[in-house]
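Visitor: I would like to learn how to read the side-chain links in a model such as this one. Could we begin with burial and then go on to the pairs themselves?

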Amino acid sequence: QVQLVESGGDLVQPGGSLRLSCAASGFVFRNYPMRWWRQASGKERELVATISSVEAYTSYSDSVKGRFTISRDNAQNTVDLQMNSLKPEDTAVYYCNVHLPTPVGPKEFWGQGTHVTVSS
């Protein structure tokens with residue numbers, strides 16, 4: 001079955017860095033774009049970054065552009081999110097996400113999330 005397992009969340013001071021990782025299994029990883037989302041307490045889930053399948057084109061939300069970098073390793077079936085110059089407003093639960101075709105139609109799959117807290 002499809003599994004997405006995030007790791008790397010932590011408490012970090014403003015201006016610091018973290019690297020999140022998502023390990024994927026249960027589907028042909030290299031064929032699908034991958035996304036990182038985040039959800040802060042009391043707020044809607046926000047799309048943070050997307051990376052395409054083979055060409056690895058990337059896109060970012062305006063709130064993280066220039067500070068975050070999404071990357072993927074199709075040999076290891078992982079997608080990472082390097083987060084630099086972290087701000088308190090980056091505090092959230094970060095989720096890995098993929099859209100996959102299924103016999104009953106397209107379906108979104110999510111990991112369990114990893115907590116990032118930016119605070120002094």
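Guide: Let us begin with two residues, Arg38 and Asp90, both of which are buried, where buried means under 20% relative accessible area, exposed means over 50%, and partly exposed lies in between, with a 1.4 Å probe and protein chains only. This is a predicted model, in which local features need pLDDT of at least 70 and side-chain atom pairs count only at pLDDT 80 or more, while totals for chains, interfaces and linings use all residues. Residues are numbered from 1 along each chain as its sequence is written, and side-chain values use heavy atoms, with hydrogens and water left out.

Visitor: What do the side chains of Arg38 and Asp90 meet in?

Guide: A salt bridge is a side-chain nitrogen of Lys or Arg within 4 Å of a carboxyl oxygen of Asp or Glu. Arg38 and Asp90 meet in such a bridge, at 2.9 Å from N to O. This pair links distant parts of the chain, since Arg38 lies in strand E4 (residues 34-39) and Asp90 in the loop between E8 and strand E9 (92-100), 52 residues apart; strands (E, at least two residues) and helices (H or I, at least four) are DSSP runs, numbered from the N terminus.

Visitor: How many salt bridges does the structure hold?

Guide: The structure holds 5 salt bridges. In one of them Asp80 pairs with Arg19, the closest N and O atoms being 3.2 Å apart. That pair also links distant parts of the chain, with Asp80 in strand E8 (residues 78-83) and Arg19 in strand E3 (residues 18-25), 61 residues apart. Asp80 counts as buried because its relative accessibility is 14%, whereas Arg19, with a relative accessible area of 44%, is partly exposed.

Visitor: Which cysteines form a disulfide?

Guide: A disulfide is a pair of cysteine sulfur atoms within 2.5 Å, and by this rule the count comes to 1. Cys22 and Cys96 form it, with their sulfur atoms 2.2 Å apart. The pair links distant parts of the chain, Cys22 in strand E3 and Cys96 in strand E9, 74 residues apart. The torsion about their S-S bond is about -80 degrees, so the disulfide is left-handed, and both Cys22 and Cys96 are buried.
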